[in-house]
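This briefing reviews selected features of one protein model.

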Amino acid sequence: MIFSELVEDLQIELKKDLAQIRFLLKKNPAMAYTRIVEIGKEVGKKYNIKLIVNFPKQGKIEEFEKYGKRDLSLIVDYDRKRFPMDREIIKQKAIEMLGDVKTEDAYMYENKEGVRVFTDDWKIDILPHSVHIWTDFNDNVTAFCNWLMENAYEMKKKN
């Protein structure tokens, strides 16, 4: 459940600064983005994760109600090159939990490994050291990310 906790914490912290962020977006969009990134880093530190709030397409930064509810990168451990399980287990779990998705091996070079889970509209890139979620977090995506954090990254619930 660590993913659920982390995104809930992130959403709370972003909401606290929303008035300032909205003001900065009008005056200085780069400063607004910087503030959002800082909040992500502060929240991530509590979980020993480097948390990055992404805005992959122009205009998404103005969708305030979606802050912390999509497009996040979680860097767990830069040094990890292998998963603690076979990649096939991650792929099977993705299909089981997310339904009609495609899976493939990704980033398979220099003794590294990774898995991409995707549809025509979104993707999740899963690497031994990080996960990059390029979609809105519905219940299924959240449950899958909770499973990943516990099993692929061996992170337990924060106490």
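The model is predicted, with local features requiring pLDDT of at least 70 and side-chain atom pairs pLDDT 80 or more, while totals for chains, interfaces and linings use all residues. Residues are numbered from 1 along each chain as its sequence is written, and side-chain values use heavy atoms, with hydrogens and water left out.

**Glu113**

- Glu113 lies in the loop between strand S3 (102-105) and strand S4 (115-118); strands (E, at least two residues) and helices (H or I, at least four) are DSSP runs numbered from the N terminus.
- Glu113 is buried, at a relative accessible area of 4% (buried is under 20%, exposed over 50%, partly exposed in between, with a 1.4 Å probe and protein chains only).
- Beyond neighbours within four places in sequence, the contacts of Glu113 include Lys81, Tyr107, Leu127 and Pro128, where contact means heavy atoms within 4.5 Å.

**Helix H5 and its surroundings**

- Helix H1 (residues 2-16) packs against helix H5 (residues 139-151) at about 115°, and their axes are 7 Å apart; axes are lines fitted to C-alpha atoms over the stretch in contact, and angles run from 0 to 180 degrees between N-to-C directions.
- Ile2, Phe3 and Ser4 of H1 meet Thr142, Cys145, Asn146 and Met149 of H5.
- This contact of H1 with H5 comprises four nonpolar, three polar and no charged residues (Ala, Val, Leu, Ile, Met, Phe, Trp, Tyr, Cys and Pro count as nonpolar, Asp, Glu, Lys and Arg as charged, and the others, Gly among them, as polar).
- Trp147, also placed in helix H5, is buried with a relative accessible area of 16%.
- Not counting residues up to four places away in sequence, Trp147 touches Met85, Ile89, Ile90, Lys93, Met97 and Ala152.

**Cavity**

- The structure holds one cavity of 30 Å³ or more, and the largest cavity has a volume of about 50 Å³.
- A cavity is a set of points on a 1 Å grid over the protein atoms alone where a 1.4 Å probe fits but cannot get out, and lining residues have an atom within 4 Å of a point; grid points are joined across faces, edges and corners, and a volume is the space filled by probe spheres set on the points.
- Residues lining the largest cavity include Val53, Phe55, Lys66, Arg70 and Asp71.

Notes
1 Å grid on protein atoms, 1.4 Å probe; cavity = no way out; pocket = protein on both sides within 12 Å on 5 of 7 lines; lining within 4 Å.
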